[in-house]
Amino acid sequence: MAGTGVFSEILDGDAYKYYSDGEWRKSSSGKTVSIVNPTTRKTQYKVQACTQEEVNKVMELAKSAQKTWAKTPLWKRAELLHEAAAILKEHKAPIAECLIKEIAKPAKDSVTEVVRSGDLISYTAEEGVRILGEGKFLVSDSFPGNERTKYCLTSKIPLGVVLAIPPFNYPVNLAVSKIGPALIAGNSLVLKPPTQGAVSCLHMVHCFHLAGFPKGLISCVTGKGSEIGDFLTMHPGVNCISFTGGDTGISISKKAGMIPLQMELGGKDACIVLEDADLDLVAANIIKGGFSYSGQRCTAIKVVLVMESVADALVEKVKARVAKLRVGPPEDDCDITPVVTESSANFIEGLVMDAKEKGATFCQQYKREGNLIWPLLLDNVRPDMRIAWEEPFGPILPVIRINSVEEGIHHCNASNFGLQGCVFTKDINKAVLISDAMETGTVQINSAPARGPDHFPFQGLKDSGIGSQGITNSIDMMTKVKTTVINLPSPSYSMGSSGSSIRSRI
Ligand code: NAP
């Protein structure tokens, strides 16, 4: 059970503590933040509302712990990460329980998130040992005008203190995708978890604590992003921000100053369907891609752009599959569960009402109970409807009928987002050309967009982000190149009375 057994020290009465200097603590603010269960809509957990002084303290500790950590051998850093991964996987049940209660993630998916996170940490440790254990060697005479008088050695060094801010939808996975690369690369880490998802993150952090990482190297401060977010992101002690979330990331990147940023933001992933596509495969992928975790995924299919000639057939196939989706509580492992907050549900409803007023075809009746919204396919959506462009982050999927591939590509590229997209066709040549034309970080051919496997590069263009993730890319991003140049005598430099050069004499 969450908050019991090995996790009992992270709970004090009815409120979870925050983590600083290797210890679980209560905030001096005396205030807590409530986490509302999306299913029951009642307070499920409470976490500390940390103060600015507490943030200052973790930054100071992180700075000092990083100096020693950077000198800790790579294999030792990897060993601790492997240990944390094993502890995390061992305790998948209580952490999954938190995910179910905080973010209404279906039961099986909650367990999968924890296990996948453990695997990600282990892979990061192994990848880090390989890529950080290598450097480059360059010689000067490959550049015009130079003699072979300079040998250049490069290695990767840590940035310092990494601030990690994950979103609610994969709080554990998208926290460890930052924590793992930061630590293996020799950085220290300050985590600010999302409010919905904070308790899952606190349990995950405790697994790192149990693994025996040095005090101060990892900290976790809780509180509302709207209250402590700016103080954290503009803190002079932060040397890198790795953020995943929505538009908040755009404002953070304007305020953060001259530090490396990794921003994974929203998306409006398009699914382009050509006439020759296997429509059963497309329908199966639309269900998986559009409705998994109730559409609350950055890489969910968020608009279907289908050729008019096959649109009726595709819509019928998708409708038949939507009818089979199980709607209900996450504990019952339903396909469609309540969306994360009431305000999210209200936002989604606003998009639905706008589409209704403007004449979209409802393939199912719109139904909502509290935060639970039944899956809805909206056909004949037109570009003047908000749902054609905005990210619902809910189980609502618009279908736009197109008359040419160019029309589909045009719609995709007119979006402010550019995360992923997908194209379904049996013509691989056409698929590659369409992929080239789509302004997105990734294009999937004949499958729904997806983040992962976790070692694949993952990035968004335009308002979808800055930089690239994926295990290797994140390690790279959280390091700097350090160069040492050894300057040698010129080949014509002579020594001794014979006048022969050192080089020719060796
Ligand atoms: P969000 O509202 O932007 O919040 C993300 C994180 O930022 C949370 O931890 C939040 O804390 C924190 N935050 C809020 N205000 C802040 C501030 N002023 N300064 C610093 N941090 C602040 O996003 P969300 O609703 O959690 O997640 C959904 C969004 O994430 C969607 O747009 C989705 O597409 C995107 N997403 C993108 C990816 C990707 O890889 N590209 C992956 C997953 C999700 P609080 O919870 O305390 O407010």
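**Disulfides and cysteines**

I searched this predicted model for disulfides, taken as pairs of cysteine sulfur atoms within 2.5 Å, and the structure holds 0 of them. Cys220 is in no disulfide, and the nearest cysteine sulfur, which belongs to Cys201, is 6.4 Å away. I then looked up the accessibility of Cys220, which is buried with a relative accessible area of 0%, where buried means under 20%, exposed over 50% and partly exposed in between, with a 1.4 Å probe and protein chains only. Cys298 also counts as buried, at 16% relative accessibility.

**How the values are set up**

I noted that residues are numbered from 1 along each chain as its sequence is written, and that side-chain values use heavy atoms, with hydrogens and water left out. Local features need pLDDT of at least 70 and side-chain atom pairs count only at pLDDT 80 or more, while totals for chains, interfaces and linings use all residues.

**The annotated span**

I found that UniProt, in an unreviewed entry, places the feature "domain: Aldehyde dehydrogenase" at residues 24-483; positions are in the numbering used here, the feature name is shortened, and annotations may be inferred rather than shown by experiment. The span is 41% helix and 22% strand, and its end C-alpha atoms lie 40 Å apart. Helices (H or I, at least four residues) and strands (E, at least two) are DSSP runs numbered from the N terminus.

**Salt bridges**

How many salt bridges does a search of the whole structure find? I counted a side-chain nitrogen of Lys or Arg within 4 Å of a carboxyl oxygen of Asp or Glu, and the search gives 28.

One of them joins the side chains of Glu23 and Lys215, at 3.8 Å from N to O. Glu23 lies in strand 4 (residues 23-25) and Lys215 in the loop between helix 6 (198-211) and strand 11 (218-220), so the pair ties together parts that are 192 residues apart in sequence. Glu23 is partly exposed, with a relative accessible area of 37%, whereas Lys215 counts as exposed at 53%. Both residues belong to a network of salt bridges that also links Asp21 and Arg25.

I next looked at Lys108, which forms a salt bridge with Asp333, the closest N and O atoms being 3.8 Å apart. Because Lys108 lies in helix 4 (residues 107-132) and Asp333 in the loop between helix 10 (308-322) and helix 11 (342-357), the pair ties together parts that are 225 residues apart in sequence. Lys108 is exposed, with a relative accessible area of 60%.

Asp379 is buried at 5%, and Arg401 counts as buried at 15%.

**Around Ser27**

Ser27 lies in the loop between strand 4 and strand 5 (32-36), and is buried with a relative accessible area of 8%. I found a polar contact between the side chains of Ser27 and Glu54 at 2.8 Å; such a contact is a pair of N or O atoms within 3.5 Å, where within protein one must be able to donate a hydrogen and the other to accept it, and residues adjacent in sequence count only if both atoms are side-chain atoms. A polar atom of the Ser27 side chain also lies 3.0 Å from the backbone nitrogen of Ser29.
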